[in-house]
Amino acid sequence: MRCLRPSDPRAVSPAVGVALMLAIVVALGVVISGLVLGLADSGPASPESRLALQGDDCPVDLVHRQGDTLDGDRIRLQGTEHATPLQDQRFEAGDSVTVRPTADEVTVVWNSPDDGSTYVLSRLEPPGGSATACGGVLYAGDGGSLTSIDTGSGTLETLSVPGSVDALGPATTNLLDDGGTDVPYVDGTDRVRVTGPDGSTTTLATSGDIPGTIEGAKTRLATGRWDGSDPSVLFVNENHDTLYRVAEGGTPTAVAAPGDGTQAVVGIADVDGDAADELVFADGSQRLQALDPDGTVTALADGQLGSNNGIGAGALADFDGDGIHRAVGVDGSNQVKLVGTGTAAGGEATTTLTGGVARKSPATVADVDGDGTPEVVFVSNDSEKLKYVDDVGGANTVTLLTDADGDPIQRSEETGVV
């Protein structure tokens, strides 16, 4: 048998091979660890902010006490009447926004712009520890007047506003710099006005400010920021060819003149899942359309609305918390629907919630029964009584809305409910 000497290269090769293999394994481990750590380091970091609820009665203020500035389009609230009160806003230390808790805990959720992940920023207890008495507030027209309906107490209050109320838009807290709830409307002389919490009214636009007359019949107003604008009221002209916006202290600006016209404005939100907001409106043929900031117009799936004394154009809502909104609408068969762009277009499918039980008038979304989830409120065919769809997307139970005495609430189909 032949012995191998240490100097023989055949004795060294196996040892060198093993050492090289170990070195490669170690190096790969370091590289992979670095990649993993690098990916972890580059992942989205949720903002750090200290938030609080303040106030002795409903509604209350959500206050940003300190920490990172929040992109309001990335914030959703759970346990409040409206899930997105910070839409189109930068929420920074010292700022506050009015909210109405509908549950015993309000959760502030942040949505990552990178991968859609959600993070809970705060869990807040309403002042007093309970939100039982803090229901939603709806607004409706009736015989040319304006009525607020507090669904928590069942209290109805006729608001003293100048002029008649021919068309309505949703209440908002960031339209006028008054710290309260502002309700936009078109009066009998075709002026766009806003009434504040103390009954004071501001005129934003008159028919002399645009070519043609401001539409006050079979229409709906919307509010929000569009394509970098200040908080504005969005409305249409009587010729149904141009959509306008106007902010406090400004002059009306044409937003779009779609080829199919425009009759009512629904709202501003992401309806096609692209993480950017669209402006949803009903065109001259009462069909729902979505306008992108680049001017592209996309028809919503099965988005034909009905029109009689009013128009079945309602609010935008996200019922499943995925950030994609659908429009509440009443079609020509008096059915209440949630209308989306369709899954092929990146949005959600259109869903019929009821049979032919609704008037063709604006409907809205609010937590009217204090269960922490939103309902769809509409004017019914039953003598114009207000009703709501409970368990939306589930049982879709139609329920009568009543006042503190248990009596039905009746309001005009012309202006609907916002």
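Begin by selecting S380, which is found in the loop between β29 (375-379) and β30 (386-390); strands (E, at least two residues) are DSSP runs, numbered from the N terminus. The model is predicted, so local features need pLDDT of at least 70 and side-chain atom pairs count only at pLDDT 80 or more, while totals for chains, interfaces and linings use all residues. Residues are numbered from 1 along each chain as its sequence is written, and side-chain values use heavy atoms, with hydrogens and water left out.

With S380 still selected, note that this residue counts as buried at 1% relative accessibility. Buried means under 20% relative accessible area, exposed over 50%, and partly exposed in between (1.4 Å probe, protein chains only). Display next the residues that S380 touches: V357, A358, R359, K385 and K387, not counting residues up to four places away in sequence. Contact here means heavy atoms within 4.5 Å.

S232 is buried, with a relative accessible area of 0%. The side chain of S232 reaches the backbone oxygen of D230 at 2.7 Å. Around S232, select L175, A222, T223, G224, R245, V246 and A247, which S232 touches when residues up to four places away in sequence are not counted.

The next stop concerns aromatic rings. A pair of aromatic rings is described by the distance of the centres and the angle of the planes. Rings of Phe, Tyr and Trp (its six-membered ring) pair if their centres lie within 6.5 Å; planes under 30 degrees apart count as stacked, over 60 as edge-to-face and the rest as tilted. The structure holds two aromatic pairs. Select W110 and Y119, a tilted pair at 5.8 Å centre to centre with 40 degrees between the planes. W110 is buried at 9% relative accessible area, whereas Y119 is partly exposed at 30%. Then select F235 and Y244: the ring centres are 5.6 Å apart and the planes lie at 15 degrees, so this pair is stacked. Both F235 and Y244 are buried.

Finally, display the open sheet of four strands in the order β12-β13-β14-β15, with antiparallel pairing. The edge strands, β12 (167-168) and β15 (201-205), each pair on one side only. Two strands pair if DSSP finds at least two bridges between them; β14 (residues 192-195) and β15 pair in the antiparallel sense over four bridges. To end the tour, select R193 and its bridge partner in β15, T203.

Conventions: Polar contact = N/O pair within 3.5 Å; in protein donor to acceptor, adjacent residues only side chain to side chain.
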